[in-house]
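Trainee: Could we go through this model together, term by term, so that I see what stands behind each label?
Mentor: Gladly; here is the structure to look at.

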Amino acid sequence: YHFLFGKGMVSDDTEHACMTAQALMASAGEPEAFLRSLAWRLRGWLLGLPAGVGFATLRAILKLWIGIPPTRSGVYSAGNGAAMRSAILGVCSGDNPARLRELVRASTRLTHTDPKAELSALAVAVAAHVSSVHAARPADVPAYLAALLPLCEPCAPDALPEFNRLLEQVASAVTRAISTEAFAAELGLRRGVSGYIYHTLPVALHAWLTHPRDFREAVLAVIRCGGDTDTTAAIVGGIVGAGVGKAGIPQAWRDGLCEWPRSVAWMERLAARLDE
C-alpha cells in the first residue's frame, strides 16, 4: 500500500468479483439472466475507464457496446478474466455442480472463448467451493481433483489432456513440499507469472494447496513470484478467503484500503445481501 499516503486501492479483479456477486443476486443464479446482468455491468464498468482491463475483456465489452449479444461477445483468448470472477461462483453454487458449470461457462464465454479459460475458471470455482466446505482442515489434493475432473469432462474433451498434465504438475509440486516460487521457476516463470491462464492457474492452486488456511502467506507466495501479481493474488485470495473468511484476512490489509465506491464497508454489505 504505497499508492496514496500509505493506502491502497482495489484492482479490476475485485471489481469483477463484486459485479459477479451483483449479477448473481439480480438473476437468483439463473444462468441466462446472470449472463445478461453481468454483461450490462461490464458495459457500465468500462465507462469508468478502468486502468487494469485486459485486452480480451476490453474487446469483448466493446463488442457488447456495438450490439453483439453476450452469447457471442467473447474473444478467443486464454487470459485470466474469467478465473478472477469464478471464486464467488464456487462459493455460492458449488453444491450444485450442474448449475455451477453453467454459471462458469456463461461468465467465461462472455469474454473468453478459449477452452483453457473455461477449464481454468471451473478449477478456481471448485477450489473455492472445496475451501469453503473444508476450511477446518488442510486442502486434500485427491479430494479436490475428484470434485473437479467430472465437471471438466463435458466442457472441452480435446483440451483435457493438457489440462490434466497441468494439474498433475501441481499435485506433484505440493507433494514434494516445494515453495510456490520454486514451482513457478520449474514452470519456466522465473521472470514472473504472465497473464496466460495456464501460467496463473497452477501457481495459484499451488499457493492455495500449500497454505490452505493462511491467507497472508498464500497471497505473499504468489506475489513473490512476480509478474501479474494483482490477478494471481486476487485468485488465491478468493480461494483461501472462501475458507478463512473476513477474520482470516490481516486487519492491516483491510484497514489499508482507500477505495470508493467499492469500500470495505460496501463490500461487506454486498456480501451480506448475497448471503441472504
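What follows is a talk about the labels used for this model and the values behind them.

Mentor: A word on the ground rules: this is a predicted model, in which local features need pLDDT of at least 70 and side-chain atom pairs count only at pLDDT 80 or more, while totals for chains, interfaces and linings use all residues. Residues are numbered from 1 along each chain as its sequence is written, and side-chain values use heavy atoms, with hydrogens and water left out.

Trainee: What makes the contact of Glu15 and Arg262 a salt bridge?
Mentor: The term asks for a side-chain nitrogen of Lys or Arg within 4 Å of a carboxyl oxygen of Asp or Glu. For Glu15 and Arg262 the N to O distance is 3.6 Å, within that limit. Arg262 is buried too, at 16% relative accessibility.

Trainee: Why is that pair said to tie parts of the chain together?
Mentor: Glu15 is in helix α1 and Arg262 is in the loop between α13 and α14, so the pair ties together parts that are 247 residues apart in sequence. The helices here are DSSP runs (H or I, at least four residues; strands are E, at least two), numbered from the N terminus.

Trainee: How many salt bridges does the structure hold?
Mentor: There are eight. One of them joins Lys246 to Glu268, with the closest N and O atoms 2.8 Å apart. Lys246 sits in the loop between α12 and α13 and Glu268 in helix α14, 22 residues apart. Lys246, at 48% relative accessibility, is partly exposed, and Glu268 is partly exposed at 36%.

Trainee: Which salt bridge does Glu162 form?
Mentor: Glu162 pairs with Lys116, and their closest N and O atoms are 3.9 Å apart, which is still within 4 Å. Glu162 belongs to helix α8 and Lys116 to helix α6, 46 residues apart.

Trainee: What makes a space a cavity or a pocket?
Mentor: On a 1 Å grid over the protein atoms alone, a cavity is a set of points where a 1.4 Å probe fits but cannot get out; a pocket is an open set with protein on both sides within 12 Å along at least five of seven lines, and lining residues have an atom within 4 Å of a point. Points are joined across faces, edges and corners, and a volume is the space filled by probe spheres set on them.

Trainee: How many cavities of 30 Å³ or more does the search find?
Mentor: Two. The second largest cavity holds about 40 Å³, and its lining includes Val141, Tyr144 and Leu205.

Trainee: By class, what is the lining of the second largest cavity?
Mentor: Eight nonpolar residues, with no polar and no charged ones. Nonpolar covers Ala, Val, Leu, Ile, Met, Phe, Trp, Tyr, Cys and Pro; charged covers Asp, Glu, Lys and Arg; the others, Gly among them, are polar.

Trainee: And how does the lining of the largest pocket divide?
Mentor: Into 29 nonpolar, nine polar and seven charged residues. That pocket has a volume of about 1,900 Å³. Of its 45 lining residues, the closest to the centre are Thr14, Phe215, Gly237, Ile249 and Met267. Helix α12 gives the most to the lining, with nine residues.

Trainee: What makes the backbone of Phe5 worth a remark?
Mentor: Most residues other than glycine have a negative phi, and most peptide bonds are trans. Phi of Phe5 is near 50°, a positive value. Phe5 lies in the segment before α1 and counts as exposed at 81% relative accessibility.

Trainee: Where is Ala28, and what is its phi?
Mentor: Ala28 is in the loop between α1 and α2, with a positive phi of about 55°. Its relative accessible area is 68%, so Ala28 is exposed.

Trainee: Which peptide bond is cis?
Mentor: The one from Trp260 to Pro261, with omega near 5°. Pro261 is in the loop between α13 and α14.

Terms used: Buried means under 20% relative accessible area, exposed over 50%, partly exposed in between (1.4 Å probe, protein chains only).
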